[in-house]
Amino acid sequence: MDDAGSSGGSGGFRPGVDNLDEPPNSRIFLVISKYTSELVLRERFSPFGDIQDIWVVRDKHTKESKGVAFVKFARSSQACRAMEEMHGQCLGPNDTKPIKVFIAQSRSSGSHRDVEDEELTRIFVMIPKSYTEEDLREKFKVYGDIEYCSIIKNKVTGESKGLGYVRYLKPSQAAQAIENCDRSFRALLAEPKSKVSAESPEQDYYSSARQEASGHEPRTNLFPFVGEQQSEFSTFDKSDSRSQEAISKRLSVVSRVPFTEEQLFSIFDIVPGLEYCEVQRDPYSNHGHGVVQYFNVASAIYAKYKLHGFQYPPGNRLAVSFLDDGSNMTDLIRKMATQMVAAQLASVVWSNPNQQQFLQFGGSSGSQAPQIQTDVVLPSCKKKAPPETLVKERLFIVFNPHPLPLDVLEDIFCRFGNLIEVYLVSGKNVGYVKYADRMSANDAITTLHGKILNGVRLKVMLADSPREESKKRQRTY
């Protein structure tokens with residue numbers, strides 16, 4: 001079944017096979033030894049389900065395996081379980097190198113990265129309006145371990161919209177729920193907010209329902225950047241003409257790089273009175289767009305003037321502007337409100353050193369050490385090894401959505417000791433780390449793999465030997 005004459009440069013597309021993406025997420029991408037045969041792959045992966053196709057990618061001239069393969073299952077739950085159980089395993093007694101297993105991207109996605117587990121564990125369902133979160137959990141817990149359930153409600157009346165989310169701990173559990181739950185729930189995988197799909201009336205309905213449930217107008221009217229479209233990343237000057245702009249308790253937040261709701265909340269929650277925040281990404285760009293609302297206008301004013309131009313992550317300035325809701329304030333009222341919130345904020349900040357540090361993050365040009373924002377507990381910095389030191393282990397890093405600056409990376413990876421060098425691959429979201437000690441490299445993987453630092457998720461893995469890497473094609477899954 002191997003297509004020896006194919007170059008493998010089209011994201012796992014075997015010529016003549018038309019149903020590779022049906023059902024979605026039913027195909028896995030493998031990084032294997034170039035000596036691994038199709039027979040071995042079939043033997044090791046057939047216990048997970050009905051295999052429809054196996055493709056070991058080969059060089060079209062030499063017919064030699066490129067060390068990558070695709071396995072197509074009949075069901076997405078089978079592919080997900082294969083990924084969960086086989087990633088990092090060795091295929092045989094003579095093949096001691098751990099393999100890498102990912103869910104392959106669909107050919108129509110236009111993306112060249114593997115699918116994140118977070119994109120595979122949350123499902124979106126239609127439910128009776130009488131359902132509580134407990135009812136939702138009870139109905140779907142039969143398919144696996146549930147991390148959380150949520151019901152979308154009208155923010156004014158508190159009434160259920162008849163829509164909900166269920167997030168499982170494993171992708172295979174979410175896939176099982178979609179495949180086996182009652183059709184009346186019309187369950188589907190909850191797409192990341194950066195994607196907009198209009199492939200079917202059902203998905204169109206879900207998209208509209210999400211916007212309605214969020215209490216927002218249609219997407220075209222979501223971001224009327226009042227008075228700041230010409231200079232959205234400039235520093236606010238209280239004396240300029242923008243002091244006459246409309247004021248409201250709702251703010252628009254724009255970033256050149258995307259951010260999550262958790263990150264947006266952590267930034268704007270330093271100002272007392274935060275009511276809610278929501279991320280809405282533009283499908284035609286990689287910019288981050290968010291809406292933040294406070295319980296009162298005074299808090300919104302202070303947040304706007306404190307956080308407009310704030311650097312998150314370092315080097316990326318946030319643009320914060322009011323979303324006009326028809327209200328207005330005089331300069332005197334604005335000044336009084338700002339002073340009131342400033343006094344309240346001061347008492348909060350001085351009682352919490354972490355928030356004190358957060359307020360200064362990105363705003364101080366005198367600091368020499370890179371700023372690192374993360375929940376990971378990092379060791380203290382250690383001296384780097386001399387450049388000529390023998391390399392004992394190399395790590396491969398994948399960044400999502402963009403690489404971190406080199407000074408930040410060196411600050412992070414030197415904390416595990418014996419660091420020789422960190423370098424990035426030009427034009428790609430990947431990099432390498434060289435260590436003089438294997439234990440240091442293993443500690444870095446254990447601590448940093450899958451973690452978020454300065455808004456960037458890291459994948460940290462052992463790198464292949466330079467000889468093997470030179471023979472592998474660029475990953476296009």
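## A buried charged pair

Asp 411 and Arg 415 are both buried (buried means under 20% relative accessible area, exposed over 50%, and partly exposed in between, with a 1.4 Å probe and protein chains only). The two form a salt bridge, with their closest N and O atoms 2.8 Å apart; the term stands for a side-chain nitrogen of Lys or Arg within 4 Å of a carboxyl oxygen of Asp or Glu.

A word on the ground rules: this is a predicted model, in which local features need pLDDT of at least 70 and side-chain atom pairs count only at pLDDT 80 or more, while totals for chains, interfaces and linings use all residues. Residues are numbered from 1 along each chain as its sequence is written, and side-chain values use heavy atoms, with hydrogens and water left out.

## Salt bridges across the chain

How many salt bridges does a search of the whole structure find? The search gives 10. One of them joins the side chains of Glu 410 and Lys 384, at 3.5 Å from N to O. This pair links distant parts of the chain, 26 residues apart: Glu 410 sits in helix H10 (residues 406-413), and Lys 384 in the loop between helix H9 (353-360) and strand E13 (393-400). Helices (H or I, at least four residues) and strands (E, at least two) are DSSP runs, numbered from the N terminus. Glu 410 is partly exposed at 30% relative accessibility, and Lys 384 is partly exposed at 41%.

Lys 434 and Glu 421 also meet through their side chains in a salt bridge, at 3.4 Å from N to O. Lys 434 belongs to strand E15 (residues 430-435) and Glu 421 to strand E14 (residues 419-424), so this pair ties together parts 13 residues apart in sequence. Lys 434 is partly exposed at 22%, as is Glu 421 at 32%.

## An enclosed strand

Is strand E11 (residues 288-294) buried or exposed? Of its 7 residues, 7 are buried, so the strand is largely enclosed by the rest of the structure. Gly 288, Gly 290, Val 292 and Tyr 294 point one way from E11, and His 289, Val 291 and Gln 293 point the other way.

E11 pairs with strand E9 (residues 250-255) in the antiparallel sense over 6 bridges; pairing requires at least two DSSP bridges between two strands. Gly 288 of E11 is the bridge partner of Ser 255. Strand E10 (residues 274-279) also runs antiparallel to E11, joined by 5 bridges, and Tyr 276 has Gln 293 of E11 as its bridge partner.
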